[in-house]
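This report describes selected helices and strands of one model, with the cut-offs behind each term. The sequence and structure come before the details.

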Amino acid sequence: MNSRRDFIKKTTIGAAALSFGGILPGLSARGYANIVGANERIRVAMMGVNARGLALANNFASQPNCEIVYICDVDSRAAEKCMGQVAGKQNSRPKAEPDIRRLLEKQDFDALVVATPDHWHAPAAIMASQAGKHVYLEKPASHNPHEGELLIAAQKKHGNVIQMGNQRRSWPNVAQAIGELHGGVIGKPYFAKTWYTNNRASIGVGKEMTVPEWLDYELWQGPAPRRALKDNLIHYNWHWFWHWGTGEALNNGTHMVDLARWGLQVDYPTKVTSAGGRYRYQDDWQTPDTQTINLEFADKSMITWEGRSCNGTPIEGSTVGVIFYGEEGALQIDGGNAYNVYDLKGKLVKEVKNDLTIDARNLTNPSQALDAIHIQNFFDGIKSGQKLASDIESGHISTLLVQLGNIAQRTGGFLETDPSNGHILNNREARKLWSREYEKGWEPKV
């Protein structure tokens, strides 16, 4: 009971910490029923529901202790589709509110799920924190390192729950594998190799187009400085433009590098190198389609990431994964909820199989049942203060590692970094990419 009373008290205080015009009015009996924990269901608003967000909406709506009450998307077609699917899952139809600013003025929901393009991730999460909302934030945590630091500051200031969507942190066999690693199953691990491969097509050369009636392109751009809409940008190809996206390194590399960091028990690196480029096609795609990132740490350990967007040949028998090398053997997690342990001669000494089908190349919903565990961990963090599988500080560090790889890639290939916070040393050009320019009036602030 004490934890419940403490939680309600904290939630009330958090809800009062608004930056949209003052303090909330006193709570009535009806208002009390709207506080998280006063009833069984956590009420959620979904922001960004075209692809991955649509799958997340269906997953959240399928949870018995959740109700989706708002859909926030600048694409009216995507919003309508999502509202229809959610209504079929939870027997109530959410309302549409395309403007995140108007949405966050509402008091009848508890948590915001952010599954927008990357340039919106941190700004939306910061705005939600200021509005007293909890946040489930899809990876990556931010578009650039400065935003990640702002996110941590916002969470500390407002005391809300922010969980990053690197769902493998909650998958049972993955957690078991990391536990075995920390228990010494392969001795001291010192090198983690991670990868992702795919066969993505060319995005061509885009032409400027009239904004369609179903799209609020002004809101889609949000914090990003304004650029004309081209016909090869929305809804997925923004990943490959630095202005809005972060490339394959953060799109898929974040997941595996996060596992590598977790397994090696490291935080910030001392050296970062990267090589690669746009090799396969000559088109508008700006970020690398072929890239290697090397991260060195002070405890004599290293993480590498290899990304191949346009050649899907597997590595170590898997299209996505991480393998740890240690003093007495190796441990491989194949990207799913399974792992193998090998001795120094490469002999398989333990095999833990996954009992669910996972397709890492599925853009929307590769692992719904497993991801539900991560969602429930988020809910438990809200209701009882349970430790999160991926709190925002941890999520920021893992995001930062691949951001540093991209910064190295764009500024000569090599960075020295401060092992206490990951900040770039002795490289003025690289430090310019620690943050970005924002559209006037949209700058994220804490």
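## Helix α12

The buried residues of α12 are Leu370, Asp371, Ala372, His374, Ile375, Asn377, Phe378, Phe379, Gly381 and Ile382. Buried means under 20% relative accessible area, exposed over 50%, and partly exposed in between, with a 1.4 Å probe and protein chains only. Helices (H or I, at least four residues) and strands (E, at least two) are DSSP runs, numbered from the N terminus.

The model is predicted, so local features need pLDDT of at least 70 and side-chain atom pairs count only at pLDDT 80 or more, while totals for chains, interfaces and linings use all residues. Residues are numbered from 1 along each chain as its sequence is written, and side-chain values use heavy atoms, with hydrogens and water left out.

Helix α12 covers residues 368-384, 17 residues in total, and spans 24 Å from first C-alpha to last, close to the 24 Å expected at 1.5 Å a residue. The expected span is 1.5 Å times one less than the number of residues. Just after α12, Gly385 has a positive phi of about 75 degrees.

In β1 (residues 42-47), 6 of the 6 residues are buried, so the strand is largely enclosed by the rest of the structure. Ile42, Val44 and Met46 point one way, and Arg43, Ala45 and Met47 the other. In a regular strand the side chains alternate between the two faces of the sheet.

Two strands pair if DSSP finds at least two bridges between them. β1 runs parallel to β2 (residues 66-72), joined by 6 bridges, with Met46 opposite Ile71. β1 also runs parallel to β4 (residues 111-114) through 4 bridges; there, Ala45 has Leu112 as its bridge partner.

## The open sheet

A mixed, open sheet holds 10 strands in the order β14-β13-β12-β11-β7-β10-β9-β8-β15-β16. β14 (348-352) and β16 (424-425) are at the edges with a single partner strand each, so one side of each lacks a neighbour in the sheet. Helix α11 (residues 253-264) packs on the sheet, touching β7 (189-197), β9 (290-297), β10 (301-308), β11 and β12, and its direction makes about 170 degrees with that of β7. Contact means heavy atoms within 4.5 Å. Axes are lines fitted to C-alpha atoms, for helices over the stretch in contact, and angles run from 0 to 180 degrees between N-to-C directions.

Strands β11 (residues 320-326) and β12 (residues 329-333) are antiparallel and share 5 bridges; Gly326 stands opposite Gly329.
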